[in-house]
Amino acid sequence: MSERATSREKPRTVLLRGGHVYSPADPFATAMVVEGDRVAWLGSEGAADSFADGVDEVVRLDGALVTPAFTDAHVHTTATGLALTGLDLTSCTSLTAALDRVREHAAARPDDRVLLGHGWDTTAWPEGRPPTRAELDAAAGGRPLYLTRVDVHSALATTALLDQVTGVRELPGFAADAPLTAAAHHAVREAAHAAVSPAQRAAAQRAALRRAATLGIGSLHECAGPDISSAEDLTDLLALAAEEDGPRVFGYWAEAVTGAEDARRVRELGAVGAAGDLFADGSLGSHTAHLHAPYADAPHTGAAHLDADAVAAHVAACTEAGLQAGFHAIGDAALSAVTDGVRAAAERLGTGPVRALRHRVEHAEMLTAAHIGAFAEFALIASVQPGFDAAWGGETGMYAQRLGADRARGLNPFAALSRAGVPLAFGSDSPVTPLDPWAAVRAAAFHRTPEHRISARAGFAAHTRGGWRALGRDDAGTLVPGAPADYAVWRTGELLVQAPDTRVAGWSTDPRSGTPGLPDLSPGAQLPLCLRTVVGGRTVFARPNE
């Protein structure tokens, strides 16, 4: 493959040939022409000869696969970058290993005002518990330390950090020797993030965007808000993404809207919607997702942050302002509040105006048939994370521990959503699960609960076109003439059609079906390697020596 600089030079005309182009316009395409920032043509190798002399660059694919670039529909960019460049506990398999890693990190970062880390999860630790505050204090050498659980809905903090937050010990969610949740967590998080300098924040954001580009991700939905980041974090990220080559970034700001003035402030931040992590509840791992019936391993039903009236007010105000609304909702009670609230807003304003804005729900894990029906009725986008099931599903996983096996089997019902016509947009919630789009498509195609599986093709669409549709864009996320030239080039093996129903798979692989193939995503199979990522006709990643 030819090399190309990644500076912001004027886009040129490029012919890619000698590979496989994944496109509904021509399932047998082996070549593609890009003019500026748009796809201009797709077709056969023979027809490509007529373009060869009139283009600025010819990329010889040598059998590589060209696909639309992925969209990750739920990311926390700065937190992702801090995890990539700092203290990451996601691979720790025990309390002892986690404390050792804290000690090593503290020794390596003597000048940090606050030590930041992410990813602890006691689910499979033999000790079955997080570190005590005394253990953390000792491991951090008495310094301020903030460690988020893998789901980011609870955290650990050392005494030195708690002492910097006035009144934290009186806030809801504080316990003497337990993870922080609710208001106490938010207060400590704000203090910890305030210690991150603008230069550190920019470095973390660049690291996350670079990582995304190496994985064929061409666009990200940044889910920001006052309870999870800051306005400055969002505006700085959007400015950086606009100034430098890399994935596109679309920002969401998760703050309740009550009228036109609130909607104006959201737009002034550069956000495309008042959505993302506007919390109706918390998470299952932290026992804060809001349930109709108590947890299997805790004598309560979690935390409700919004009721149906609050949801209705937000959706109605956003709809009247022409602004996309959305919520974070995981537990069945939280999803009931969201769907009941959306219905109330539709009764007030009419179903048509509500449907037109494509309001979205993040995570949407514990869905009932009634919830799914409401999603379809009101054209709600299901912004979901297949990596959650891969990490925590199954008969003995964290979900089963929290809910019992019967309730856990109902989580993340992608097939039922798809059958009902609910638009799916796949994401990672990084750093909760890593940026890894092919692994997410695999997780949906090989869901731990077989009846929830969807075809690899449907999962791929949810991770490409689905993210654009969630933004209200139907012209992107696919390689057809006139579409944005956001694409990725992959080294991969044999192309297949994988579907839960073997009868569908059998017909789809028949050449008469005209169904384009995708890489083998079977568990254990090697996932594709990204060779090049292009956004708007500009190369934002090129693997060396390819």
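I count a salt bridge when a side-chain nitrogen of Lys or Arg lies within 4 Å of a carboxyl oxygen of Asp or Glu. I keep in mind throughout that this is a predicted model.

**Entry 1: salt bridges**

With that cut-off I went to Asp-151 and found it in a salt bridge with Arg-149, the closest N and O atoms being 2.9 Å apart. For the whole structure I noted 28 salt bridges.

**Entry 2: Arg-201 and its partners**

Which residue forms a salt bridge with Glu-232? I found Arg-201, with 3.4 Å between the closest N and O atoms. Glu-232 sits in helix α8 (residues 231–243) and Arg-201 in helix α7, so this pair ties together parts that are 31 residues apart in sequence.

Arg-201 also meets the side chain of Asp-236 in a salt bridge, at 3.0 Å from N to O. Asp-236 belongs to helix α8 and Arg-201 to helix α7, so here the parts tied together are 35 residues apart in sequence.

Next I looked up accessibility. Is Arg-201 buried or exposed? Its relative accessibility is 8%, so I put Arg-201 down as buried. Glu-232, at 46%, counts as partly exposed, and Asp-236 is partly exposed as well, at 31%.

**Entry 3: helix α2 against helix α7**

I stayed with α7 (residues 198–214) and turned to α2 (residues 77–85): their axes come within 7 Å and cross at roughly 90°. The two helices are therefore roughly perpendicular to each other. On the α2 side I listed contact residues including Thr-77, Gly-81, Leu-82 and Thr-85, and on the α7 side Ala-204, Ala-208 and Leu-209, with Arg-201 also among them. Sorted by class, I have 6 nonpolar, 6 polar and 2 charged residues in this contact.

**Entry 4: strand β1**

How many of the residues of β1 (residues 13–17) are buried? I got 5 of 5, and the strand is mostly covered. A reminder to myself: side chains in a regular strand alternate between the two faces of the sheet. In β1 I found Thr-13, Leu-15 and Arg-17 buried on one side, and Val-14 and Leu-16 buried on the other.

Then I traced the neighbours. β3 (residues 31–35) runs antiparallel to β1 and is joined to it by 4 bridges, with Thr-13 opposite Glu-35. β5 (residues 57–60) pairs with β1 in the parallel sense, over 4 bridges, and there Arg-17 has Arg-60 as its bridge partner.

Terms used:
Residues numbered from 1 in each chain as written. Predicted model: local features only at pLDDT ≥ 70, side-chain atom pairs only at ≥ 80, totals over all residues. Heavy atoms only, no water. Axes fitted to C-alpha atoms, helices over the stretch in contact; angles between N-to-C directions. Parallel < 35°, antiparallel > 145°, perpendicular 65-115°, else oblique. Contact = heavy atoms within 4.5 Å. Nonpolar A, V, L, I, M, F, W, Y, C, P; charged D, E, K, R; others polar. Buried < 20%, exposed > 50% of the residue type's maximum accessible area, 1.4 Å probe, protein only. Pairing = 2+ DSSP bridges.
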